[in-house]
Amino acid sequence: MRTPLVLGNWKMHGNRAFARALAGDVCADVQGMGQVEVGLCPPFVFLTDVAAVVGESPVGLGAQNASEFRDGAYTGEISCGMLQALGCRYVLVGHSERRQLFAETPAQVIAKLVAVVDAGMIPVLCVGETLTERQSGATPHVIDAQLAPLFARADAAHYLQTAVIAYEPVWAIGTGETATPAQAQAVHAQIRQRVCALDEGLGQRMRILYGGSVKPGNAGELFGEADIDGGLIGGAALKAEDFCAIVAAAARQS
Ligand code: PGA
């Protein structure tokens, strides 16, 4: 009942020629894969290049970050309105690298999510715990704290209607270490329960992606879990062949 979604997060990799070639290869390879939604999140400066390559194909365009502010004197920032005008469909908010390296707070991340929805795009809200937090048994608490500023809003359901959540354990990102399907499923189930407690139908419709060293070799078993509805792919998204194999694994589960 939930169409799986697979997003490629290219982070700060590549150049213009690489971005165009990779987008072209992905578009060609995912054709006819059936019931799966696909999106590419290149660096900001390659968004127009990737938009030109994906054109009218079903592959969506996404950004890796956005400002929570509408416009104004915010040197170096990019607004949601600007991204929407470039044709973006998705915007990642609260990726762990943003939280850890650029000190984004839970409140700021949710302000970004609100700005993304208000601009007519789909926010992909990333949540996840560090290794120390997992080892101390704090995972459920950490996830709840990251979601708290959203659930505190009276209009939370309105914003969740459009949102996608990505569970990305920090210890699994770019490390080659993946959460086991059971570990991931447990957190996904917790997130879905929280949304269901607000609105059952909304919780059942909400797509929850897994991210953290997803590869062609482990995608199938992760996506086979009841509450895993696709993936947010970093390293493996930089190779069209690997990324498309992951997309195919998601399509097989739908
Ligand atoms: P990874 O990155 O697949 O390279 O672990 C995932 C992410 O950071 O979104």
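S213 is buried, with a relative accessible area of 14%. This residue of the predicted model sits in the loop between strand 7 (208-211) and helix 11. Its phi is near 55°, a positive value in a residue other than glycine. The points below take up another positive-phi residue, K11, then strand 1 and helix 12.

**K11**
- K11 lies in the loop between strand 1 and helix 1.
- Phi of K11 is near 50°, positive although the residue is not glycine.
- K11 has a relative accessible area of 18%, so it counts as buried, the cut-off being under 20%.

**Strand 1**
- Five of the five residues of strand 1 are buried.
- L5, L7 and N9 point one way, while V6 and G8 point the other way.
- In a regular strand, side chains alternate between the two faces of the sheet.
- Strand 1 runs parallel to strand 2, joined by five bridges.
- Strand 1 also runs parallel to strand 8, with four bridges between them.
- L7 stands opposite G39 in strand 2, and its bridge partner in strand 8 is L232.
- With helix 1 and strand 2, strand 1 makes a right-handed β-α-β unit.

**Helix 12**
- Helix 12 covers residues 240-253, 14 residues in total.
- From first to last C-alpha it reaches 20 Å, close to the 20 Å expected at 1.5 Å a residue.
- Its buried residues are A240, F243, C244, I246, V247, A249, A250 and A251.
- These buried residues pack against strand 1 (5-9), strand 2 (37-41) and strand 8 (230-233).
- They also pack against helix 1 (16-30) and helix 11 (216-223).

Note on methods
Residues are numbered from 1 along each chain as its sequence is written. This is a predicted model: local features need pLDDT of at least 70, side-chain atom pairs count only at pLDDT 80 or more; totals for chains, interfaces and linings use all residues. Side-chain values use heavy atoms; hydrogens and water are left out. Helices (H or I, at least four residues) and strands (E, at least two) are DSSP runs, numbered from the N terminus. The expected span of a helix is 1.5 Å times one less than its number of residues. Buried means under 20% relative accessible area, exposed over 50%, partly exposed in between (1.4 Å probe, protein chains only). Contact means heavy atoms within 4.5 Å. Two strands pair if DSSP finds at least two bridges between them. A crossover is right-handed if, with the strands pointing away from the viewer, the path from the first strand over the helix to the second runs clockwise.
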